[in-house]
Amino acid sequence: MNFEKNYDVIVIGAGHAGCEAALAAARMKAKTALFTINKNKIAAMSCNPAIGGLAKGQLVREIDALGGEMAKAADSTCIQFKVLNSKKGPAVWGLRAQADKIQYSLYMKKVIENQTNLDLIETMVDEILTDDRGVVGIKTSNNKNYSSKAVIVTTGTFLNGVIYIGLESFPGGRLDDPPSIKLSDSLKSLGLKLKRLKTGTNPRVDKNSLDFSKFKPQEGDPEPIPFSFSTDKIEIEQILCYLTNTNENTHKAIFDNLDRSPLYSKEHRKIFGIGPRYCPSIEDKVVKFPEKKSHQVFIEPEWRNSNEMYLNGLSTSLPFDVQYAYLKTIPGFEKVKILKPGYGIEYDFVPPLQINNTLETKTIPGLFLAGQINGTSGYEEAAALGLVAGINAVLKIRREKPIIIDRTEAYIGVMIDDLTTKEIKEPYRLFSSHAEFRLVLRNDNADIRLMGIGKKLGLINDKIYDKLLYKKEFLNKEIERIKKTIIKPSEEASDKLKKLNTSDIKEATSLFNIYKRPEISYKDLELFIEIKKDVPGHFIDYLDAEVKYEGYIKLQNEQIKQFKKMESIKIPENFDYLNAKGLSKEAQQKLSQIKPQTIGQASRIEGITPADINVLLILIKKFSIK
């Protein structure tokens with residue numbers, strides 16, 4: 001076979017997963033190629049122009065701690081920053097930023113083009129090339145072959161993508177871009193099973209056609225919190241977003257036209273792939289929640305000084321004229337002009353029970369899958385998977401031990417474990433409720449948890465790592481100093497405590513005990529001692545959380561020890577589940593299909609009971625004795 005060029009790693013698709021995969025591989029000194037059908041749509045935000053959110057903000061921080069690029073790109077190009085759930089505990093805070101989607105894409109394109117060891121190639125990939133040992137390269141639509149030791153597929157919604165606007169449909173990976181059909185066929189020919197999922201996007205409307213006096217302004221936080229641990233401060237002019245609501249007239253316009261919906265038409269239904277439950281279309285909302293008289297709609301700019309506004313909350317695949325009909329029922333939209341209609345898209349994905357927790361496929365050595373091809377939704381989920389795939393592809397080539405991030409270490413680990421142990425029936429979206437150890441997986445300590453891995457891989461430089469060391473030193477020294485500071489009952493102490501709206505003390509106590517009160521923050525301690533004001537905000541968030549939740553964190557760490565015990569019990573690779581006596585038939589089939597690597601992983605597979613685990617423990621012990 002003749003090859004145009006030889007690479008260590010080839011990445012197919014330059015979305016959020018592809019960018020992180022390619023950058024990680026190249027920065028680990030692997031000769032890498034990133035293939036895309038359009039160089040001008042690198043890291044394109046096909047749907048919501050935003051980064052982060054609930055649980056997603058943690059992912060962005062974790063990507064940054066491991067040496068990824070998404071957080072830096074967001075800090076450089078986003079136009080409004082906000083912490084979601086800020087009134088609740090730090091375990092569920094969600095860093096979120098409204099993005100300038102044009103600048104974000106340009107930023108990532110510049111980083112890709114200037115990255116050593118990385119070639120950006122604009123062409124369609126049609127085929128994965130293999131031999132009896134696994135992957136050997138790819139073939140493009142112009143009949144050129146490129147060799148590689150590993151291939152990472154990050155095709156998003158492009159595999160056999162079909163776009164729906166009402167009952168009209170046409171092939172597309174996203175609006176104005178062609179689908180990848182032959183690559184889908186190639187994956188099938190390699191023995192991978194493919195299924196269909198559905199997602200959608202929202203109408204974009206002309207800002208000048210809206211009456212903003214009828215909307216509620218939504219400001220960003222006064223002091224923007226950066227995503228990246230390398231960003232000291234964000235100094236930008238933040239852009240307003242706006243909030244409005246649908247109403248009963250909106251819902252009536254939708255109900256009256258359900259027969260023209262590709263999702264709900266009884267005679268002409270076109271979409272059968274399952275859509276995201278937690279980001280439903282507006283037609284899904286009014287059908288499934290008829291008791292709700294209104295739904296929120298966020299009006300968000302697509303980029304700074306943009307006349308194109310994104311209507312977050314109105315994902316739809318209804319016909320163009322119906323989109324006009326229901327929009328005009330919303331106050332402020334009476335004269336609306338739609339610039340781009342919302343649309344639904346149905347696409348192929350590879351159910352991720354076919355991949356290992358390294359993201360390598362179980363049956364084709366050297367073939368890795370990341371992003372929506374694994375059944376996920378969201379830029380952040382895709383980027384995190386791409387980063388892990390890029391790292392593990394290089395480690396495989398080097399014949400080094402792969403990076404396995406487990407549920408106790410990161411939201412990334414929670415997501416990968418979920419994908420590789422549970423059947424995906426709808427696009428997977430990560431939530432903080434998925435993480436049973438979320439109190440120790442906060443966004444403020446992602447660097448503490450993961451940056452050592454990034455440094456070891458060569459993805460974190462000394463300057464950034466030194467900040468981590470200083471953060472650890474800050475925590476230890478401040479806690480020691482605060483514990484040694486004793487506050488005695490006095491009129492002066494009472495006045496200070498009253499200012500902080502907290503109860504008085506009746507006996508001498510350490511400042512640490514006062515600090516543990518929910519209403520007291522580190523900054524409040526300046527009434528009693530000198531505090532450090534020249535440290536990044538995440539230093540203080542980390543200190544606050546570690547002090548206030550000290551007891552709960554200790555308890556969760558004990559639970560993690562128990563979890564680790566189950567994870568430490570390895571299951572032999574050649575264990576024969578189908579002939580294992582004592583296991584239920586369902587357990588035999590599920591375990592044989594998924595082939596869990598540990599007892600802990602086996603226990604999280606749907607349909608596996610505690611009785612099955614007990615039997616498995618006995619059988620493994622007998623197996624090892626033999």
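Me: Is Asp 444 buried or exposed?
Reply: In this predicted model, Asp 444 has a relative accessible area of 1% and is therefore buried.

Me: Which residue forms a salt bridge with Asp 444?
Reply: The partner is Arg 442, and the closest N and O atoms of the two are 2.9 Å apart.

Me: And Arg 442, buried or exposed?
Reply: Arg 442 is buried, because its relative accessible area is 0% and the limit for that class is under 20%.

Me: Why would such side chains pair at all?
Reply: Side chains of opposite charge can pair when their charged atoms come close.

Me: How many salt bridges does the structure hold?
Reply: There are 45 salt bridges in the structure.

Me: Which parts of the chain does the bridge between Lys 195 and Glu 423 link?
Reply: Lys 195 and Glu 423 form a salt bridge with their closest N and O atoms 3.8 Å apart. This pair connects distant parts of the chain, the two residues being 228 residues apart. Lys 195 belongs to strand β14 (residues 195–200), while Glu 423 lies in the loop between α10 and α11 (446–457).

Me: What is the accessibility of those two?
Reply: Lys 195 is partly exposed at a relative accessible area of 42%. Glu 423 is partly exposed as well, with a value of 39%.

Me: What does Glu 526 pair with?
Reply: Glu 526 forms a salt bridge with Lys 533, where the closest N and O atoms are 3.1 Å apart. Glu 526 is partly exposed at 42% relative accessibility, whereas Lys 533 reaches 66% and so counts as exposed.

Me: Which residues do salt bridges with shared partners join into one network?
Reply: The network consists of Arg 407, Asp 417, Asp 418, Lys 422, Glu 436, Glu 567 and Arg 604.

Me: Changing topic: what is the volume of the second largest pocket?
Reply: The second largest pocket has a volume of about 1400 Å³.

Me: Which residues are closest to its centre?
Reply: Of the 49 residues lining the second largest pocket, Asn 356, Thr 358, Glu 360, Pro 402 and Gln 597 are the closest to its centre.

Me: Which elements give two or more residues to that lining?
Reply: The elements that do so are the strand β9 (134–140) and the helices α9 (379–397), α10 (411–421) and α16 (550–568).

Me: How does the lining divide into nonpolar, polar and charged?
Reply: The lining of the second largest pocket has 18 nonpolar, 15 polar and 16 charged residues.

Me: Next, where is Ser 148?
Reply: Ser 148 sits in the loop between β10 (145–147) and β11 (150–153). Its relative accessibility is 5%, so Ser 148 counts as buried.

Me: What lies 3.2 Å from a polar atom of its side chain?
Reply: That is the backbone oxygen of Ala 150.

Me: And what does Ser 148 touch?
Reply: Leaving out residues up to four places away in sequence, Ser 148 touches Tyr 7, Asp 8, Val 9, Ile 10, Val 135, Val 136 and Gly 137.

Me: Last one: in which helix is Ile 479 found?
Reply: Ile 479 is part of helix α12 (residues 462–484). With 19% relative accessibility, Ile 479 counts as buried, because buried means under 20%.

Me: Which residues does Ile 479 touch?
Reply: Not counting residues up to four places away in sequence, Ile 479 touches Phe 512, Leu 543 and Val 547. Ile 479 and Val 547 are 68 residues apart along the chain, and their C-alpha atoms are separated by 8.0 Å.

Definitions and conventions. Residues numbered from 1 in each chain as written. Predicted model: local features only at pLDDT ≥ 70, side-chain atom pairs only at ≥ 80, totals over all residues. Heavy atoms only, no water. Helix = DSSP H or I, 4+ residues; strand = E, 2+ residues; numbered from the N terminus. Buried < 20%, exposed > 50% of the residue type's maximum accessible area, 1.4 Å probe, protein only. Polar contact = N/O pair within 3.5 Å; in protein donor to acceptor, adjacent residues only side chain to side chain. Contact = heavy atoms within 4.5 Å. 1 Å grid on protein atoms, 1.4 Å probe; cavity = no way out; pocket = protein on both sides within 12 Å on 5 of 7 lines; lining within 4 Å. Points joined across faces, edges and corners; volume = space filled by probe spheres on them. Nonpolar A, V, L, I, M, F, W, Y, C, P; charged D, E, K, R; others polar. Salt bridge = Lys/Arg side-chain N within 4 Å of Asp/Glu carboxyl O.
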